[in-house]
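Please keep the sequence and the structure in view while reading.

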Amino acid sequence: MILVIGGISEARTLCKRLSETYQVTLSMATEYGAELAADSRYTILCGNKDAEDFRQLLQDGRYKLAIDCSHPFAENVSREIAAACEQTGTPLLRYRRKEVSYPGQHIVRVFSFQEAVEKAKELCGDKKVFLSTGSNHLADFAAAISPEQLVARVLDRPASLEICKANGVPDAQVIAKCGPFSKEENLADFSRYPVGVVVSKDSGAAGGTAEKIEAAEELGISTVLICSPVYEGVSYDSLDAICEQTDKILG
């Protein structure tokens, strides 16, 4: 059996491919992610897990391989599964999206959410900051920038909407829907408000980052782009490579 730690759309594709040959379990942190990933070809586990949780899953030897296919910004998850694999002697493969070079004259690259907050505050002037980073770090922006200046595009889920409400973002400036979004959708959303800067995570091609930047560039809006953390271990940037390595390990 193989344990896949999900978080991005490629995890579902990988599980479908691997399930043609192996028994596969996909671990998702949220119920929403589990709903999106539901498929009869593999098993789904739902809930946040730390190293001890992963260790308990792996310790009986039922899983012969773990594959980290978590989100590029889910550093904690990657550390936890790596620690659990080391403790249990379970082989671990890591998938990372290919790095993308984005053309544009108004891109400001930063390497942390705190730096993104500072740059957004510096660049927005009297206009609004369009947050396309979800709700997890919304409180950081609301603590430094007036919530009246924030536009938050978040998942249409009660927990996300409650975070917007708790941090004072006006209801009229909350866009609740699920991405990734096309350039045209981004143009429509960015144009609804007097936006001075867009904040985005660099989630790669599958995460719709290029479409956000293209829309912002067309409107002459700056994009504060939060670069994904550097992963120091061995990783693979194609599902073909992951499948090939899986066969080598389990074949």
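A residue is called buried when its relative accessible area is under 20%. The model discussed here is predicted. In a regular strand, the side chains alternate between the two faces of the sheet.

Which residues of strand 4 are buried on one side, and which on the other? Strand 4 spans residues 65-68, with Leu 65 and Ile 67 on one side and Ala 66 and Asp 68 on the other.

## Partners of strand 4

Strands of a sheet pair through backbone hydrogen bonds, in either a parallel or an antiparallel way. Strand 4 pairs with strand 1 (residues 2-5) in the parallel sense, over four bridges. Within this pairing, Leu 65 of strand 4 is the bridge partner of Ile 2.

Strand 4 also pairs with strand 5 (residues 92-94), again in the parallel sense, over three bridges. Here Asp 68 has Arg 94 of strand 5 opposite it. To get from strand 4 to strand 5, the chain passes through helix 4 (residues 75-88), and this β-α-β crossover is right-handed.

Another part of the description concerns an open sheet of six strands, with parallel pairing and the order 6-11-10-7-8-9. Its edge strands are strand 6 (107-110) and strand 9 (174-176), each of which pairs on one side only. From one strand to the next, the twist averages 15 degrees.

Strand 7 (residues 128-131) and strand 8 (residues 150-154) pair in the parallel sense over three bridges. Leu 131 stands opposite Ala 152, which belongs to strand 8. Helix 7 (residues 158-166) lies across strand 8 and strand 9 and runs at about 170 degrees to strand 8.

## Ile 213 in helix 9

Is Ile 213 buried or exposed? This residue sits in helix 9 (residues 209-218). Its relative accessible area is 2%, so Ile 213 counts as buried, because the cut-off for that word is under 20%.

Which residues are in contact with Ile 213, apart from its neighbours within four places in sequence? They are Tyr 102, Pro 103, Ile 107, Thr 223 and Leu 225. A distance can be given for Val 224 as well: Ile 213 and Val 224 are eleven residues apart in sequence, and their C-alpha atoms are 9.5 Å apart in space.

Methods:
Residues numbered from 1 in each chain as written. Predicted model: local features only at pLDDT ≥ 70, side-chain atom pairs only at ≥ 80, totals over all residues. Heavy atoms only, no water. Buried < 20%, exposed > 50% of the residue type's maximum accessible area, 1.4 Å probe, protein only. Helix = DSSP H or I, 4+ residues; strand = E, 2+ residues; numbered from the N terminus. Pairing = 2+ DSSP bridges. Right-handed = clockwise from strand over helix to strand, strands pointing away. Axes fitted to C-alpha atoms, helices over the stretch in contact; angles between N-to-C directions. Contact = heavy atoms within 4.5 Å.
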